[in-house]
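Have the model open beside you as you read.

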Amino acid sequence: MRILLIEDDGVLGAAVADQLRADGHGADWAKRLDEAADTLAVGTFDLVLLDLMLPDGRGIPFLRAMRARGDATPVIILTALDQVSDRIEGLNAGADDYMVKPFDLDELSARIGSVARRYSGNPNPLIHLGPLEIDLAAKAVRREGRPVALTHREWALFEAFVQAPGRLLSKAQLEERLYSFDDSIESNTIEVHVSRLRKKLGRSVIDTERGLGYRLGSP
């Protein structure tokens, strides 16, 4: 997924950003609310990770403003504010989940996956696609019962197709989902990853509509 992290703590922000990228997500990091607003204005994100106490303001009004303008991007709050009243305020403002610092990075990964599955319309982490068994929670694929080793980028790309069955995804949409603004992307990166997925999972796992994009196939 393409994720925007809004966090002013340098150490924690770097650790979370590294975790997101290790999980195969594209991660952009804003340390102020005004920077986050500018980033959201020019990019499309699948998820926002929001701290509540930023140098230029509080996260709750920022979240309320997102929802007021119709922005339904999933939001997980990451904060040191641990009172029940704080949790209630965050959830009532439109957050999809609420994590109190310090938190385990693997738990954060699991919660991101859970929120993503809810928004994809399929909360079941186990999906069967022809000879493939796809475990979204474990980020694992089996083909005819045998595990298939995918790199983080290959998994992230395949997950994008699995979460949008039947939907045509353009090359630009896939690049935006997998990479942050600062990443250097080769012109044929998506084509290379698609080719590798086909070799590992079956030639028909991803269909190509020349000049338009790709969609999940029927292996």
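Two strands pair if DSSP finds at least two bridges between them. Helices (H or I, at least four residues) and strands (E, at least two) are DSSP runs, numbered from the N terminus. This is a predicted model, in which local features need pLDDT of at least 70 and side-chain atom pairs count only at pLDDT 80 or more, while totals for chains, interfaces and linings use all residues. Residues are numbered from 1 along each chain as its sequence is written, and side-chain values use heavy atoms, leaving out hydrogens and water.

**A buried strand**

Let us begin with strand E1 (residues 2-6), which pairs with strand E2 (residues 26-30) in the parallel sense over five bridges. Within this pairing, Leu4 has Asp28 of E2 as its bridge partner. Five of the five residues of E1 are buried, so the strand is largely enclosed by the rest of the structure; buried means under 20% relative accessible area, exposed over 50%, and partly exposed in between (1.4 Å probe, protein chains only). In a regular strand, side chains alternate between the two faces of the sheet. In E1 both faces are covered, with Arg2, Leu4 and Ile6 buried on one side and Ile3 and Leu5 buried on the other.

**An antiparallel sheet and its helices**

Next comes an open sheet of four strands, ordered E8-E9-E10-E11 with antiparallel pairing. Its edge strands, E8 (126-129) and E11 (146-148), each pair on one side only. From one strand to the next, the twist averages 25 degrees. E8 is joined to E9 (residues 132-135) by four bridges, and His128 has Glu133 of E9 as its bridge partner.

Helix H6 packs on this sheet, touching E8, E9 and E10 (140-143), where contact means heavy atoms within 4.5 Å. Angles run from 0 to 180 degrees between N-to-C directions, and axes are lines fitted to C-alpha atoms, for helices over the stretch in contact.

| Helix | Reference element | Angle |
|---|---|---|
| H6 | E9 | about 100 degrees |
| H8 (residues 189-201) | E10 | about 45 degrees |

**Two helices together**

How far apart are the axes of H6 and H7? Helix H6 (residues 152-162) and helix H7 (residues 171-178) pack with their axes 10 Å apart, at an angle of about 125 degrees. The contact is made by Arg153, Ala156, Leu157, Glu159, Ala160 and Phe161 of H6, together with Leu174, Arg177 and Leu178 of H7.
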